[in-house]
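Take a walk through a protein model. Keep the sequence at hand and follow the charged pairs, then the core.

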Amino acid sequence: MQQSAQAPHELPAVLRVTPIIDPVVEAHGFGPNSAYIEYVWLAVLGPSGTWVYRRLNAVVAGRTAEHPVPVNVVDLSRSLGLGAGTGRNSIMARTLNRLVHFGVARWIGEDGLAVRRALAPVPARQLARLSFTPQDMHTRLTAQ
């Protein structure tokens, strides 16, 4: 599949989801169900972004980039309470684009989405914009 930095005009009915395999981040970063994702990345991605990240990550767990997993977009969206819309301004489209914006995922062609299996610590620029609790949890959890 060809990589594309642009989001599709309308979400496809089925996304072909693959993992982004990054051994360094996976060794030193934080998995989707970690306290760091819950307390720090949630403040950046928002609740819907965090839940979509967790769901998509669960789908690609143990998979390789060569074998995309089909994900029904409407089913995923409705199962998270985000509605059934798939247009450019739908909640699901905005949520997926937020994941792409912050480097958690990237679009691949018209119907593909690659998702990181783990996330690095929030960059300092974003961290500085967060409230006390996420900043404090960042300090605690990265010191371990």
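Start with a charged pair: the side chains of Arg 117 and Glu 26 meet in a salt bridge, 2.7 Å from N to O. A salt bridge is a side-chain nitrogen of Lys or Arg within 4 Å of a carboxyl oxygen of Asp or Glu. Arg 117 sits in the loop between β4 and α5 (124–127), and Glu 26 in helix α1, 91 residues apart. Helices (H or I, at least four residues) and strands (E, at least two) are DSSP runs, numbered from the N terminus.

This is a predicted model: local features need pLDDT of at least 70, side-chain atom pairs count only at pLDDT 80 or more, and totals for chains, interfaces and linings use all residues. Residues are numbered from 1 along each chain as its sequence is written, and side-chain values use heavy atoms, with hydrogens and water left out.

The structure holds 4 salt bridges. Another one joins the side chains of Arg 116 and Asp 22, at 3.3 Å from N to O. Arg 116 lies in strand β4 and Asp 22 in the loop between β1 and α1 (23–28), so this pair ties together parts 94 residues apart in sequence. Arg 140 also forms a salt bridge, with Asp 136. Both lie in helix α6, 4 residues apart, about one turn of the helix.

Now turn to the core. The largest nonpolar core has 35 residues. Such a core is a set of buried (under 20% relative accessible area, 1.4 Å probe, protein chains only) Ala, Val, Leu, Ile, Met, Phe, Trp, Tyr and Cys residues joined through side-chain atoms within 4.5 Å. Its largest share, 10 residues, comes from α2.

Conventions
Buried < 20%, exposed > 50% of the residue type's maximum accessible area, 1.4 Å probe, protein only.
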